Amino acid sequence: MMRKHLKVAFILFLLSVANLCCRAQSAGDILVGPEDNLHDALRQAREWRRTGDPRCKDGIRIVVKAGRHRMVQPLFIRPEDSGTEEAPTLIVGEEGAVLCGDIPQRHTQLFPKEGMERIVDFDKERRVVTIPTPPQEVLETKGVEMLLQQRWAIAILRVREMKVKGAVTEVSFLEPESKLEFEHPWPQPVVGGEKGNSAFLLRTTEQRDGIEQLIVVAGTEEQPVTHLTLRNLTFENTCWNRPLHQGHVTLQGGFPIIDAYKLKQEGLPWAPTLENQAWIERPVAAVSISWARQVNVENCFFSNLASTALDFTYGIDQCRVDNCTFRDIGGTAILAGSFAESPREVHRPYTQLARHCRHLEITNNRIENATKEDWGAVAIGCGYVSNVSIERNVVDGVNYSGICVGWGWTPEKTGMEGNVIRGNTVRNYARQLYDVGAIYTLSCQPGSVMEGNIISPHTPAPYATNDRCFPVYLDAATDGYTLKGNYVEGHGLIGKEDIGFNNPGPDIHLE
């Protein structure tokens, strides 16, 4: 009998030791099931940091368990949630862990039933677009919007009224988009003079407002968020509410115009031929990161998100997005750096912005079917950036340009420098818009390299108004790039004849 009791006691002792070992191994772990609150888990981690709890000595792991975690508001990650080099913060998902919002808005196309139709006329003075007269049931439908193709951008305009005049109908629009569309001189629909008039379609949007953001990482200049990693998470389903309330008139790259006009007299001190003035805002992003250092996104999956999927906005240093997949994205998949958003006027050269997005690595990612909603967005878009590496990514399916680096339309040195675009594959691009490059650059970027990229022949865009589509497009004062070993699939090495040149600088080297 004594031996039996000793055996039971020994077994209990072993179980106790095992349990203690297990707790020790997971001392810095916080588990979050689908029924739990991710915000509470982050708060617990923050309190451990704040109080110097020994459980965060070797770092904290917030482990998101398998299942769908419904987000009713973004998870805000602040400077107090930062890790350290010795004890980083990791938010990691088990296989099947999904952070999800609302299913993106869905549309019913009314006219034409498929594809697009050409406009008849575009009257800036009266602010109307003339189109072939739609069927009566379309004319009687409420809540109609027009998607209008504009060379390298689109506009989404909420219809105010349709006046039938026989075989044609004049369409007017709500504010603020009507003013922005007709006062901003470029881009605008082309009526004659090219391959054809701009195209349009009419549609309705069934779903109203929904969740737009899932995670917001936001530090400050004095106290950035540091040593944080998002890993093995799926981000799924976010909406894009702006077009429902304000329309969507864009400048380029998916950036909404909030004010614009044409100068009465052409020319400004920094741009003698400039006639445009425009102020823009940043598209909303499902995952947004600002004022961050050594904040990484690894092995994550982004699906059915609109507008932008992942955005490194401002104050970025030594961050990385690696081995992630982006699929069915409404706007841009990966956005980075300042684009001189309002209150700045976008066309002025700025010398202080590029230092606020530097040493960012965008590597080994796969982007499939981006720009579903905003055709003028891109797969990877970088504005004022320096020492950014875009390497070994695959872009497969985008309606405008694939990989874009630079902003400002200026030959001046603004701090953009040392950017690398290497070893990427871009295919199935320019599906809807032209004036485009599979790889597209702007402005002066000394010491930058474009090397070893493989580009497929472009996709024929059925409604494009021109033929300006290039494997590489060195647009608006691009300078400081060395190009070597870039190929078009089936056609060989990219030469001068394969490149779009728009007033490049003197320091372009093609090897």
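User: Which residues make the nonpolar surface patch?
Analyst: This is a predicted model. In it, Ile-454, Tyr-487 and Leu-493 make a nonpolar surface patch of about 270 Å².

User: How exposed is Ile-454?
Analyst: Ile-454 has a relative accessible area of 36%.

User: What does β39 pair with?
Analyst: One of its partners is strand β37 (residues 425–427), which runs parallel to β39 and is joined to it by 2 bridges. Val-426 stands opposite Ile-455 of β39.

User: Which sheet is that?
Analyst: An open, mixed sheet of 11 strands, in the order β3-β6-β17-β23-β27-β31-β34-β37-β39-β41-β42. The edge strands, each pairing on one side only, are β3 (67–70) and β42 (492–493).

User: Changing topic: is β40 enclosed or open, and why?
Analyst: Strand β40 (residues 469–484) is largely enclosed by the rest of the structure, because 15 of its 16 residues are buried.

User: Which strands pair with β40?
Analyst: Strand β38 (residues 436–451) runs parallel to β40, and 11 bridges join them. Strand β43 (residues 499–501) also pairs with β40 in the parallel sense, over 3 bridges. Strand β44 (residues 509–510) pairs with β40 in the parallel sense over 2 bridges.

User: Which residues face each other there?
Analyst: Between β38 and β40, Met-450 has Leu-483 as its bridge partner. Val-472 stands opposite Ile-499 in β43, and Thr-482 stands opposite His-509 in β44.

Note on methods: Residues numbered from 1 in each chain as written. Predicted model: local features only at pLDDT ≥ 70, side-chain atom pairs only at ≥ 80, totals over all residues. Heavy atoms only, no water. Patch = residues over 30% accessible without salt bridge, like charges linked within 9 Å, V, L, I, M, F, W, Y side chains within 5 Å. Areas by Shrake-Rupley, 256 points an atom, 1.4 Å probe, with all protein chains shown as cover. Salt bridge = Lys/Arg side-chain N within 4 Å of Asp/Glu carboxyl O. Buried < 20%, exposed > 50% of the residue type's maximum accessible area, 1.4 Å probe, protein only. Pairing = 2+ DSSP bridges. Helix = DSSP H or I, 4+ residues; strand = E, 2+ residues; numbered from the N terminus.
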